[in-house]
Amino acid sequence: GSTAPSAFQADVTLCLGLPKIGLVLEPAASCVGELELLDLGISSAAIDGRPALIDERTVRRILPRRDASAHKHQTGTVLVIGGAPTYYGAPRLSAESAARSGAGLVCVASPSTIVPVIAGQVPELTFLPLDESPTAAVSQINTWITRRGGHVDAIVAGPGLGQSPQAWRLLIGLFGRNGNNFESSRKCDSSATPMVLDADALNWISSLHSFPTGINPGQALMTPHVGEMSRLLGISADQVLSDPIGIAKDAARRFKQTVLLKTGYSVIATDAGRVWISPRSAPELATAGTGDVLAGLAGGMLAQGLSVEDAAVAALFVGAQAGKRARRKFGVHGLLAHDVINEIPYVVRALAEPDWDGDDMRWKREEL
């Protein structure tokens, strides 16, 4: 990852055979531009056990497909738990992103005072207005899940929740020692509902002496940025940036969960030791709300039946490509989080929906 003093900012870097670790680490990553691979026919056996750059073929393979008779309850239900009087944009972005990823039904559990604002912006969402009392709010969430016959396929917890004592008590009630494990109707790798822990859910965990006992090993995808990771592990941000791959692996082992560290070339590490790296750096995503978009994307993928690892891989790739599309329209400096959401359907369509060209008598795929 080190660079010579004369290193210049490239538009494109062509890499022979396999991507090199040094190209995705700073300061070299800022010089690379778009990283393109030139295939030399190197067999996959040569890279078993190494970190892998996420590619289009991998994501095409794991993306969920729908049956012809599918209805909204078969394509996944997501519950987004978040929001506060000063942060009502975050749960809205996560929820809309989850819906755009293909989830059939998305419900936002937020304080009752902010629900009308979000509802007026995205009418396709459903809502669970929460009481100000954390105890009552926990009861409302559990009752909502029970009345649906336990039918909730993924949870996204934390966007815009805030760090007030009330927010902390809500999370303790949901995920602490006596918290509900949210039995899932969908057959997943874990016996309990898979979840995404983002933003203030991660800040809450940072304040604890150990990982919440109400969350099973392998049940969650944690999505910290560099600052949140430094708090989770009790180290400096500079230490995180000096070895993002090693730090992500350490966090995954420590918490026994899958970890997605958001940095230049974002890193996914599983508690089994597998590592995935984003196919591109995305400086255009250095703006408020894009982390909420990624959390919602991952939640939507989880709800459609993907494992925690596959959901992380698919969400990171789709989010990176959606950012790339939005960047072409608005540039690095003018892009907003909602611009990324608007591009998600086009990326998913290009990956999952080949078209039949009757004139040429062949299937064709859209270019990303």
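Q: Is Pro27 buried, exposed or partly exposed?
A: Pro27 counts as partly exposed, at 41% relative accessibility. Buried means under 20% relative accessible area, exposed over 50%, and partly exposed in between, with a 1.4 Å probe and protein chains only. Keep in mind that this is a predicted model, where local features need pLDDT of at least 70 and side-chain atom pairs count only at pLDDT 80 or more, while totals for chains, interfaces and linings use all residues. Residues are numbered from 1 along each chain as its sequence is written, and side-chain values use heavy atoms, with hydrogens and water left out.

Q: Where does Pro27 lie?
A: In the loop between β1 and α1. Helices (H or I, at least four residues) and strands (E, at least two) are DSSP runs, numbered from the N terminus.

Q: And what joins Glu26 and Pro27?
A: A cis peptide bond, with omega about 5 degrees.

Q: How far apart are Pro27 and Gly289 in space?
A: 25 Å, C-alpha to C-alpha, and they are 262 residues apart in sequence.

Q: OK, backbone next. What's up with phi of Ala199?
A: Phi is near 50 degrees there, a positive value in a residue other than glycine. Ala199 sits in the loop between β8 (195-197) and α7, and Ala199 is buried, at 14% relative accessible area.

Q: What about phi of Lys256?
A: Also positive, near 60 degrees, and again in a residue other than glycine. Lys256 is in the loop between α10 (244-255) and β10 (258-261). Lys256 counts as partly exposed because its relative accessible area is 46%.

Q: Which element gives the most to the lining of the largest pocket?
A: β2, with five residues.

Q: How does the lining of the largest pocket divide by class?
A: Into 19 nonpolar, seven polar and 14 charged residues. Ala, Val, Leu, Ile, Met, Phe, Trp, Tyr, Cys and Pro count as nonpolar, Asp, Glu, Lys and Arg as charged, and the others, Gly among them, as polar.

Q: How much space lies in the second largest pocket?
A: About 1100 Å³. It has 45 lining residues, and Thr263, Ala282, Leu285, Ala286 and Thr290 lie nearest its centre. Among the elements that each supply at least two lining residues are α3 (89-101), α11 (290-303) and α12. By class, this lining has 16 nonpolar, 19 polar and 10 charged residues.

Q: How many cavities of 30 Å³ or more does a search of the whole structure find?
A: Two. The largest cavity has a volume of about 80 Å³, and its lining includes Glu26, Ala29, Leu241, Pro244 and Thr263. That lining has six nonpolar, two polar and one charged residues.

Q: And which residues line the second largest cavity?
A: Gln321, Lys324, Arg325, Arg328, Val347 and Leu368. The space there is about 30 Å³, and α12 gives the largest share of the lining, four residues. The classes are two nonpolar, one polar and three charged.

Q: Last topic, the surface. Which residues form the nonpolar patch?
A: Val12, Leu14, Leu16, Leu38, Leu40 and Ile42, with about 570 Å² of accessible area together. Strand β1 (residues 12-16) gives the most, three residues. Patches are made of residues with over 30% relative accessible area and no salt bridge, with like charges joined within 9 Å and nonpolar side chains (Val, Leu, Ile, Met, Phe, Trp, Tyr) within 5 Å. A salt bridge is a side-chain nitrogen of Lys or Arg within 4 Å of a carboxyl oxygen of Asp or Glu. Accessible areas come from the Shrake-Rupley method with a 1.4 Å probe, and for residues only the protein chains shown count as cover.

Key:
1 Å grid on protein atoms, 1.4 Å probe; cavity = no way out; pocket = protein on both sides within 12 Å on 5 of 7 lines; lining within 4 Å. Points joined across faces, edges and corners; volume = space filled by probe spheres on them.
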